[in-house]
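Here is the sequence with its 3D structure, and a walk through how the chain is put together. Keep the model open as you read.

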Amino acid sequence: MSRAPEFIPLSDAAVRAVAGANSRHAALIEDAFGVLLETPGGGVSLSGDSKSRGQAKKAVHAIAERADQGLEIAEADVRVAIGAARSGASAPGGLPVGRRGQVAPKTAAQANYLQALSKCELVFGLGPAGTGKTFLAVAHGAGLLLRGEVDRLIVSRPAVEAGERLGFLPGDLTEKVDPYMAPVWEALTDILGAEQLRRRREKGEIEVAPIAFLRGRTLSHAFIIVDEAQNATRLQMKMVLTRLGEGARMVVTGDPTQIDLVNPNDSGLAHAVGLLDDVKGIGIVRFSAEDVVRHPLVERIVRAYDADAAKRGRSF
């Protein structure tokens, strides 16, 4: 098999993204595929056997495509591109463009999560804060709504503890629940813009409701997001999971290590995952500290707490 160099023409922005600061991205690609990657100008040059070059070329093109869309390329993006090139998988499409550009996965777990959302009617996303569980779910649901694949986007979460004691708050239902939905509304505003979000809420296409208000309803042709689900009781979890109607899809997100219930053993999230792990049509994606995409310090904090939990013999 030929080991002659193969030149791939790229834009200047793509070349910088593929190379990375201090050639860090290039080194990752070289190590992953056993190739030599050089940047002679106007593109990149790949040396190695034909199979290795072919896989490396797929990763290079994936990175270049994102760079040409104006997206910032981090090391996590390079690792996702490498993993996809190795497995032959393609990145899930159909995500909308937010104020900071095209919404796209930053880690391999995020890519797996989006694949699950596109294939499964019910998905559980489990893991620590900052891993993109809620934002990507909102982005996927917004994309379905914008393309007319669902009629409504419904967002629910346990408000104030499992008892959802909202009566002491002033205002109507939306005004009572909004303070607890801030992360979701921030994500929707980022993706849809404030004006479109307002119009769709007024038309009933985007709805917010605490879990207790879903009781007795059949949710058809909707994308339902159940956020902070570790604070839903077992009875609440069974109730909300059985709300699925015709043409509906649901994603349940939460961190089993952050239960605020008086009796943590009553949490419905881990219980439901244990019961439904092997059920056809259900996807379960677990995130870890490596998937934290907030400030790097957050990842180190999560690791410290995970280490402490391991010492105490706790596992989730």
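Before we look at helix packing, a word on angles: an axis here is a line fitted to C-alpha atoms, for helices over the stretch in contact, and angles run from 0 to 180 degrees between N-to-C directions. Helices (H or I, at least four residues) and strands (E, at least two) are DSSP runs, numbered from the N terminus. This is a predicted model, in which local features need pLDDT of at least 70, side-chain atom pairs count only at pLDDT 80 or more, and totals for chains, interfaces and linings use all residues. Residues are numbered from 1 along each chain as its sequence is written, and side-chain values use heavy atoms, with hydrogens and water left out.

First, the overall picture. The protein chain has 12 helices and 11 strands. Of its 316 residues, 48% count as buried, where buried means under 20% relative accessible area, exposed means over 50%, and partly exposed is in between (1.4 Å probe, protein chains only). As for contacts (heavy atoms within 4.5 Å), take those in the chain with a separation of 6 or more: 73% of them involve residues 24 or more positions apart.

Now start with helix α1 (residues 12-19) and helix α2 (residues 24-33). Their axes are 5 Å apart and they pack at an angle of about 65 degrees. That makes α1 roughly perpendicular to α2; on this scale, angles under 35 degrees count as roughly parallel, over 145 as roughly antiparallel, 65 to 115 as roughly perpendicular and the rest as oblique. On the α1 side the contact uses Ala17, Val18 and Ala19, and on the α2 side Arg24, His25, Ala26 and Ile29. By class, that gives five nonpolar residues, one polar and one charged. For the classes, Ala, Val, Leu, Ile, Met, Phe, Trp, Tyr, Cys and Pro count as nonpolar, Asp, Glu, Lys and Arg as charged, and the others, Gly among them, as polar.

The loop between these two helices is worth a look. Asparagine 22 lies in it, and has a positive phi, near 55 degrees, in a residue other than glycine. Serine 23 lies in the loop between α1 and α2 too, with phi near 60 degrees, again positive in a residue other than glycine. How accessible is each? Asparagine 22 is exposed, at a relative accessible area of 81%, while serine 23 counts as partly exposed at 44%.

Next comes an open sheet of three strands, in the order β1-β3-β2 and with antiparallel pairing. Two strands pair if DSSP finds at least two bridges between them. β1 (6-9) and β2 (36-38) stand at the edges with a single partner strand each, so one side of each has no neighbour in the sheet. From one strand to the next, the twist averages 20 degrees. β2 and β3 run antiparallel and are joined by three bridges, and leucine 37 stands opposite leucine 46 in β3.

Valine 44 also sits in strand β3 (residues 43-47). Is this residue buried or exposed? Valine 44 is buried, with a relative accessible area of 0%. Leaving out residues up to four places away in sequence, valine 44 touches Glu6, Phe7, Ile8, Leu10, Val18, Leu37, Glu38, Thr39 and Val60. Valine 18 is 26 residues away along the chain, and its C-alpha atom is 8.4 Å from that of valine 44.

Further along, look at β7. Five of its six residues are buried, so to speak mostly covered. Five bridges join β7 to β9, and the two run parallel; serine 156 has valine 226 in β9 as its bridge partner. β7 and β8 run parallel as well, with five bridges between them, and isoleucine 154 is partnered by glutamate 207 in β8.

Of its 32 residues, Tyr113, Leu153, Leu188, Ile206, Phe223, Ile225 and Val251 touch the most other members. The elements giving two or more residues to this core are α5 (108-119), α6 (133-146), β7 (152-157), α8, β8 (206-210) and β9 (222-226). α6 gives the most, with seven residues. Apart from this core lies another, of 26 residues, including Ala17, Leu28, Val60 and Val78.

Finally, turn to helix α8 (residues 182-192) and helix α9 (residues 194-202), whose axes come within 7 Å and cross at roughly 115 degrees. The two are therefore roughly perpendicular to each other. Trp185, Leu188, Thr189 and Leu192 in α8 meet Ala194, Gln196, Leu197 and Arg201 in α9. That contact has five nonpolar, two polar and one charged residues. Isoleucine 206 touches residues from this contact, among them Trp185, Leu188, Leu192, Leu197 and Arg201.

Technical notes
A nonpolar core is a set of buried Ala, Val, Leu, Ile, Met, Phe, Trp, Tyr and Cys residues joined through side-chain atoms within 4.5 Å.
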